[in-house]
Amino acid sequence: MKNKKIAIPLKLIICFLFAVFDYYISLFAKIHFKPLFLDTLFEITSAFAFGPVYGIICVLFKRVWNIILIRDLSRWPSFLYSFCTIGAVLIVCPFNKKLLQNEKNKVMLFTKLFLLSMIICLEMSITGGVIGRIVALIQHTPYSMTVQTDSFMQIFASFIHNTLVLEIISRIPVNIIDRIITIFIPYGVYRLIKALNKDDGGDLYIL
């Protein structure tokens, strides 16, 4: 019991630091590398390493940090995108537990991680598209005005006239690459954390 009490605050601190890292990485990408989101690297790492509860806590920490910095609650609709990442967390954790943890074959591990990346790509694109449409309606704009998807939005708008479908489809090209990065790197960090956690027998899921 004593170890568990120590583990919980330590994991919360790590999740907060992960949230701050994610905020600045996604901000850097938005300014200097617009084709990608790169917004969930450490939130997904939290999910891999500590389970769904801490993954969701990390997502919430990031939004709290965002509010503290911008101090502008009029931008609250953008916080709805948290549900995209929460959805990804709820997919990553059971996928990791059932299909990745005991996989020894490197080719199969790579294949499963790629499959997970594509599943998250679809989840993020569909959820992000729906939320993007909601945000556009709230803000009275024609589209969600997402920097990363604007160019694809303009290309697809010439033959896709349903705005919800357009929001979803325009995210897929970005998310294909983005989610490969934000699944493979977090999994690698998770394996590193697991290797450093030998004293707990590699069991990081202490709630």
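1. A nonpolar core is a set of buried Ala, Val, Leu, Ile, Met, Phe, Trp, Tyr and Cys residues joined through side-chain atoms within 4.5 Å. Buried means under 20% relative accessible area, exposed means over 50%, and partly exposed falls in between, with a 1.4 Å probe and protein chains only. The largest nonpolar core here has 33 residues. Phe-48, Val-92, Leu-100, Leu-116, Ile-120, Ile-183 and Tyr-187 touch the most other members.

2. Some ground rules. This is a predicted model: local features need pLDDT of at least 70, side-chain atom pairs count only at pLDDT 80 or more, and totals for chains, interfaces and linings use all residues. Residues are numbered from 1 along each chain as its sequence is written, and side-chain values use heavy atoms, with hydrogens and water left out.

3. α4 gives the most, with 8 residues. Helices (H or I, at least four residues) and strands (E, at least two) are DSSP runs, numbered from the N terminus.

4. Take Ile-120, one of the core members named above. Contact means heavy atoms within 4.5 Å. Ile-120 touches Ala-88, Ile-91, Val-92, Arg-179 and Ile-183, not counting residues up to four places away in sequence.

5. Now turn to Ala-88, in helix α4. Its relative accessibility is 0%, so Ala-88 counts as buried. Leaving out residues up to four places away in sequence, Ala-88 touches Ile-44, Ile-120, Glu-123 and Met-124. Ala-88 and Glu-43 are 45 residues apart along the chain, and their C-alpha atoms are separated by 9.5 Å.

6. Next, the aromatic rings. Rings of Phe, Tyr and Trp (its six-membered ring) pair if their centres lie within 6.5 Å; planes under 30 degrees apart count as stacked, over 60 as edge-to-face and the rest as tilted. The structure holds 12 aromatic pairs. Phe-18 and Phe-42 form a tilted one, 5.0 Å centre to centre, with 35° between the planes. Phe-18 lies in helix α1 and Phe-42 in helix α2 (residues 41-50), so the pair ties together parts that are 24 residues apart in sequence. Both Phe-18 and Phe-42 are buried.

7. The rings of Tyr-187 and Tyr-190 have their centres 5.6 Å apart and their planes at 55°, so this pair is tilted. Both residues lie in helix α8, 3 residues apart, about one turn of the helix. Tyr-187 counts as buried at 6% relative accessibility, and Tyr-190 counts as buried at 3%. Elsewhere, ring pairs link Phe-16, Phe-61 and Trp-65 into a cluster.

8. What is the volume of the largest pocket? It is about 880 Å³. On a 1 Å grid over the protein atoms alone, a pocket is an open set of points where a 1.4 Å probe fits, with protein on both sides within 12 Å along at least five of seven lines; lining residues have an atom within 4 Å of a point. Grid points are joined across faces, edges and corners, and a volume is the space filled by probe spheres set on the points.

9. The largest pocket is lined by 31 residues, and the closest to its centre are Lys-30, Arg-63, Ser-78, Tyr-81 and Gln-148. α1 (2-32), α3 (52-70), α4 (82-100), α5 (106-139) and α8 (172-196) each supply at least two lining residues. α3 gives the most, with 5 residues. By class, the lining has 12 nonpolar, 11 polar and 8 charged residues. Here Ala, Val, Leu, Ile, Met, Phe, Trp, Tyr, Cys and Pro count as nonpolar, Asp, Glu, Lys and Arg as charged, and the others, Gly among them, as polar.

10. Ser-82 is in helix α4. Ser-82 is buried, with a relative accessible area of 7%. Val-59 and Arg-63 touch Ser-82, not counting residues up to four places away in sequence.

11. Check the backbone in two loops. Most residues other than glycine have a negative phi. Leu-38 is not a glycine, yet has a positive phi of about 45°. Leu-38 sits in the loop between α1 and α2, and counts as buried at 15% relative accessibility. His-140 is not a glycine either, and has a positive phi of about 60°. His-140 lies in the loop between α5 and α6 (150-156). Buried or exposed? His-140 is exposed, with a relative accessible area of 72%.
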